[in-house]
Amino acid sequence: MTSSPRAKNSSPRSLQQIISPIPVPSAVIHAASREPFLAPGALGLAVGDGLAASASFAETTPLPTDLDGVNVRAWQGGVVVTCPLVYVGPNQVNFVLPQSTPLGPVTLKVTRGGRVLLAREVTVR
């Protein structure tokens, strides 16, 4: 029985080296319908990698606009609306789109510590 020769200084790779984490696709959707649009007053869902350092739930009302350094803002032209947050986690942020959000296309940005981690255009209708 013969075995295949091994290259000098090579060793078997560990399972961790072979399997890399599957990236979470980034998106902003309506939390209830999972549609790619939002409505003023609706619960929105932003998904992506590394959005928060750990999971954190809002524990006060009114809902906070900053939760563990994470913020969500909707931008349209010169109008910027800050969204109240319900939950932030490493791969998900749940937020409420304020009633004052302009209709039409807006850019939704998720930031942490001042750094934009996710920016997506979404239609508000």
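Visitor: In what order do the 5 strands of the open sheet come?
Guide: In this predicted model, the order is β1-β3-β8-β7-β4, and the pairing is antiparallel.

Visitor: Which strands stand at the edges?
Guide: β1 (27-30) and β4 (56-57) do. Each has a single partner strand, so one side of each has no neighbour in the sheet.

Visitor: How many bridges join β7 to β8?
Guide: There are 4, and the two strands run antiparallel. As one case, G89 has Q92 in β8 as its bridge partner.

Visitor: Is S56 buried or exposed?
Guide: Buried. Its relative accessibility is 13%, and the cut-off for buried is under 20%, so S56 qualifies.

Visitor: What does the side chain of S56 make a polar contact with?
Guide: The side chain of D68, at 3.1 Å. Leaving out residues up to four places away in sequence, S56 touches L67, D68, V86, Y87 and V88.

Visitor: New topic: the largest nonpolar core. Which of its residues touch the most other members?
Guide: V72, V93, F95, L97, L108 and V110, out of 22 residues in that core.

Visitor: And which strands each supply at least two residues of this core?
Guide: β5 (70-76), β7 (85-89), β8 (92-96), β9 (104-112) and β10 (115-124).

Visitor: Take L97. What is L97 in contact with, leaving aside neighbours within four places in sequence?
Guide: L38, A39, P40, G41, A42, A74, C83, L108 and V124. One of these, L108, is also among the core residues that touch the most other members.

Notes. Residues are numbered from 1 along each chain as its sequence is written. This is a predicted model: local features need pLDDT of at least 70, side-chain atom pairs count only at pLDDT 80 or more; totals for chains, interfaces and linings use all residues. Side-chain values use heavy atoms; hydrogens and water are left out. A nonpolar core is a set of buried Ala, Val, Leu, Ile, Met, Phe, Trp, Tyr and Cys residues joined through side-chain atoms within 4.5 Å. Buried means under 20% relative accessible area, exposed over 50%, partly exposed in between (1.4 Å probe, protein chains only). Contact means heavy atoms within 4.5 Å. Two strands pair if DSSP finds at least two bridges between them. A polar contact is a pair of N or O atoms within 3.5 Å; within protein, one must be able to donate a hydrogen and the other to accept it, and residues adjacent in sequence count only if both atoms are side-chain atoms.
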